[in-house]
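Please examine the sequence and the structure shown below before reading the briefing. The points that follow are grouped by topic.

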Amino acid sequence: MKNLFLIALVSLFVNTSCVQNNQKHGESSTYYLIRHAEKDRTDPSNHNPNLTDVGLKRAENWAKYFKDIKFDAVYSSDYNRTKQTALPTANANNLEIQIYNPSDLQVETFINNTKGQTVLIVGHSNTTPKFTNKLLGEKKYEDMADNFNGGLYIVTITKDGKTAKKLVVN
């Protein structure tokens, strides 16, 4: 009888843990999408410039802005400016930056791979709104102005649907 009671108790604990885990990791995904910070424009022929001092400061400010958010992953396109923008937030969360190709967005696969996670995605003036739109499944946002580096898109996907908001963060 004791063994039966113990088995029932362990079974209840395991089932409760699985339900709590599914609620935490399977029901809601949140994506924070930003454009890279200010890049060095002194050499127009350089297609992979670094951030300026102002840009490096903005990257640090993003990490401060996100300080209360626990990211599960940080993604960046494979450019110096995007990786440099992502780095302070990745470091604050003890994460490696994962590289994605904005020209080959496999959004359904990405959503499945990040289900239940909180993710930062760093892109460009055209790819950030495009990625946001693909996550939403609709064309809601236009490209960002080339001199604007303070936009933040937040997309939340739950079993009940998808929501998005756009913020300006200076």
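This is a predicted model: local features need pLDDT of at least 70, side-chain atom pairs count only at pLDDT 80 or more; totals for chains, interfaces and linings use all residues.

Residues are numbered from 1 along each chain as its sequence is written, and side-chain values use heavy atoms, with hydrogens and water left out.

**Ile34, a residue in a strand**

- Ile34 belongs to strand β1, residues 28–35; helices (H or I, at least four residues) and strands (E, at least two) are DSSP runs, numbered from the N terminus.
- Ile34 counts as buried because its relative accessibility is 0%; buried means under 20% relative accessible area, exposed over 50%, and partly exposed in between, with a 1.4 Å probe and protein chains only.
- Leaving aside neighbours within four places in sequence, the residues in contact with Ile34 include Trp62, Phe66, Thr85, Leu120 and Leu152, where contact means heavy atoms within 4.5 Å.
- Ile34 and Thr85 are 51 residues apart along the chain, and their C-alpha atoms are separated by 9.2 Å.

**The nonpolar cores**

- A nonpolar core is a set of buried Ala, Val, Leu, Ile, Met, Phe, Trp, Tyr and Cys residues joined through side-chain atoms within 4.5 Å.
- The largest nonpolar core has 19 residues, of which Tyr31, Leu33, Phe110, Ile121, Phe131 and Leu135 touch the most other members.
- Two or more residues of this core come from each of β1, β2 (73–76), α4 (107–113), β4 (118–123), α5 (127–136) and β5 (151–158).
- A second, separate core has 13 residues, among them Tyr32, Val122, Leu152 and Ile154.

**Helices α2 and α3**

- The axes of helix α2 (residues 53–65) and helix α3 (residues 80–92) come within 8 Å and cross at roughly 35°; axes are lines fitted to C-alpha atoms, for helices over the stretch in contact, and angles run from 0 to 180 degrees between N-to-C directions.
- In α2, Ala59, Glu60, Trp62 and Ala63 meet Gln84, Thr85, Pro88 and Thr89 in α3.

**Ala145, a residue in a loop**

- Ala145 lies in the loop between α5 and β5.
- Ala145 counts as partly exposed because its relative accessibility is 42%.
- Leaving aside neighbours within four places in sequence, Ala145 is in contact with Arg35 and Ser125.
- The C-alpha atoms of Ala145 and Asn126 are separated by 8.7 Å, and these residues are 19 residues apart along the chain.
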